[in-house]
Amino acid sequence: MPKTKKVGPTRGLGTRYGATVRKRYVKVITELKRPHKCPNCGFVRVHRVSVGVWKCKKCNYTFAGGAYTPSTKLGVIAKRAAKGLPVEEVTKEAAKAESAEPAPEEETE
Ligand SMILES: [Zn+2]
C-alpha cells in the first residue's frame, strides 16, 4: 500500500510542536529559502550562506544581514544610527510593523 509523501517545510516534524509554531516555522523557512535581491547588483541571486551571512551568486557580493532575511528593520535602524541619522521615526514604524498585536489607541497630543 503506497503512502502519500507529504512535502513542505514541516515534513518530518509530524504533529509535534503545535500548529501555531509550525505555521510560523513555515513562514520563516519559505522566506529564508526564497532568493533575495542583491543590494550590490540588483539581481535576485542572494542566498544564505550561514546564519546572518548572505551571498550573491551573480557578483559574489557577501554581506551580513538578518538570520532569516537579508535585511531586517532593526538592521536598517542600526545603519541609520551608524550614519548619525535620526532613528526615532524609523524605530516607531518598525515597532508598529513588528508587533502582531493591534496597536493601542494613541493619546492625542
Ligand atoms: Zn549581486
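Tyr17 lies in the segment before helix 1 of this predicted model. The backbone of Tyr17 adopts a positive phi of about 70°, although Tyr17 is not a glycine. Most residues other than glycine have a negative phi. With a relative accessibility of 56%, Tyr17 is classed as exposed, because the threshold for that class is over 50%. Asn60 also has a positive phi, of about 65°, and is likewise not a glycine. Asn60 is located in the loop that connects strand 2 to strand 3 (62-64). The relative accessible area of Asn60 is 52%, and Asn60 is therefore exposed.

The protein chain contains three helices and three strands. Read from the N terminus, these elements follow the order α-β-β-β-α-α. Of the 109 residues in the protein chain, 14% are buried. Among contacts in the protein chain with a separation of 6 or more, 10% are accounted for by residues 24 or more positions apart.

For four tetrahedral donors, the ideal angle at a metal is 109.5 degrees. The structure holds zero disulfides.

Cys38 has a relative accessibility of 4% and so counts as buried. Cys56, at 0% relative accessibility, is also classed as buried. Cys41 counts as partly exposed because its relative accessibility is 29%, which lies between the limits of 20% and 50%.

Cys41 is situated in the loop between helix 1 and strand 1. The C-alpha atoms of Cys41 and Asn60 are 9.8 Å apart in space, with the two residues separated by 19 residues in sequence.

Pro39 is found in the loop between helix 1 and strand 1 (46-50). A relative accessible area of 58% makes Pro39 exposed. Leaving aside neighbours within four places in sequence, Pro39 is in contact with Tyr61 and Phe63. Pro39 and Cys56 are 17 residues apart in sequence, and the C-alpha to C-alpha distance between Pro39 and Cys56 is 8.9 Å.

The largest nonpolar core is formed by seven residues, Ile29, Leu32, Cys38, Val46, Trp54, Cys56 and Phe63. Helix 1 (19-33) and strand 2 (53-56) each contribute at least two residues to this core. In soluble globular proteins, nonpolar side chains tend to be buried together.

Note on methods
Residues are numbered from 1 along each chain as its sequence is written. This is a predicted model: local features need pLDDT of at least 70, side-chain atom pairs count only at pLDDT 80 or more; totals for chains, interfaces and linings use all residues. Side-chain values use heavy atoms; hydrogens and water are left out. Buried means under 20% relative accessible area, exposed over 50%, partly exposed in between (1.4 Å probe, protein chains only). A nonpolar core is a set of buried Ala, Val, Leu, Ile, Met, Phe, Trp, Tyr and Cys residues joined through side-chain atoms within 4.5 Å. Helices (H or I, at least four residues) and strands (E, at least two) are DSSP runs, numbered from the N terminus. A disulfide is a pair of cysteine sulfur atoms within 2.5 Å. Contact means heavy atoms within 4.5 Å.
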